[in-house]
Amino acid sequence: MPRSVDPQNTNQIQVTIRPSIQRRTEFTDTLIVTAKLATDSRLNLTNEFSQTEISGNTNFGRELTFSFKPSTPSFGLDPRNLNVNDMKSLIFKISLEYKLARCTDTYEKPCPIFDPEDKTGGQTTK
């Protein structure tokens, strides 16, 4: 995701997410990771790859990519008279849902559990 957007020359914005987990115990179940991304009306979603799996001994899923195009030319700004005060930040709200593909919880083989809340690098996981 770019740090800044040139309203005159930006035709597409891509947001790439690489889901990961931190294993505390061994497990062989497959995690299905679904990403959802929300933004305001200045952008239209044009393409998305929003689901991946984490299985075996891997800690990362494949990259999930969301592509957006401006809903109006120049993001609704007048390119002949760009005023810094008229520019507003683009905000993306990303949520990741981790779920087990098929797990039958038994006493002998309990399903893995997730920490109810984790705070890492300014991100909160609930």
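These legends accompany close-up views of a predicted model.

**View 1. An open sheet of 3 strands.** The strand order is β1-β5-β3, and the pairing is antiparallel. Two strands form the edges: β1 (13-17) and β3 (43-48). Each of these edge strands pairs on one side only. From one strand to the next, the twist averages 25°.

**View 2. The pairing of β1 with β5.** These two strands run in the antiparallel sense and are joined over 5 bridges. Look for Val15, which stands opposite Phe66 in β5.

**View 3. The aromatic pair Phe68 and Phe92.** A search of the whole structure finds 1 aromatic pair. The ring centres of Phe68 and Phe92 lie 5.6 Å apart, with the planes at 55°, so the pair counts as tilted. Distant parts of the chain are linked here, as the two residues are 24 residues apart. Phe68 belongs to strand β5 (residues 64-70). Phe92 lies in the loop between β5 and β6 (93-100). Both Phe68 and Phe92 are buried.

**View 4. A charge over a ring: Arg18 and Phe60.** The charged end of Arg18 sits over the Phe60 ring. The distance to the ring centre is 4.6 Å.

View 5. Thr34 is part of strand β2 (residues 31-38). Its relative accessible area is 14%, so Thr34 is buried, the cut-off being under 20%. The Thr34 side chain makes a polar contact with the side chain of Gln51, at 2.9 Å. Neighbours within four places in sequence are left aside in what follows. Thr34 is then in contact with Ser50, Gln51, Ser95, Leu96 and Glu97.

Definitions and conventions. Residues numbered from 1 in each chain as written. Predicted model: local features only at pLDDT ≥ 70, side-chain atom pairs only at ≥ 80, totals over all residues. Heavy atoms only, no water. Phe/Tyr/Trp six-rings, centres within 6.5 Å; stacked < 30°, edge-to-face > 60°. Helix = DSSP H or I, 4+ residues; strand = E, 2+ residues; numbered from the N terminus. Buried < 20%, exposed > 50% of the residue type's maximum accessible area, 1.4 Å probe, protein only. Lys NZ or Arg CZ within 6 Å of the ring centre and 35° of its normal. Polar contact = N/O pair within 3.5 Å; in protein donor to acceptor, adjacent residues only side chain to side chain. Contact = heavy atoms within 4.5 Å. Pairing = 2+ DSSP bridges. Axes fitted to C-alpha atoms, helices over the stretch in contact; angles between N-to-C directions.
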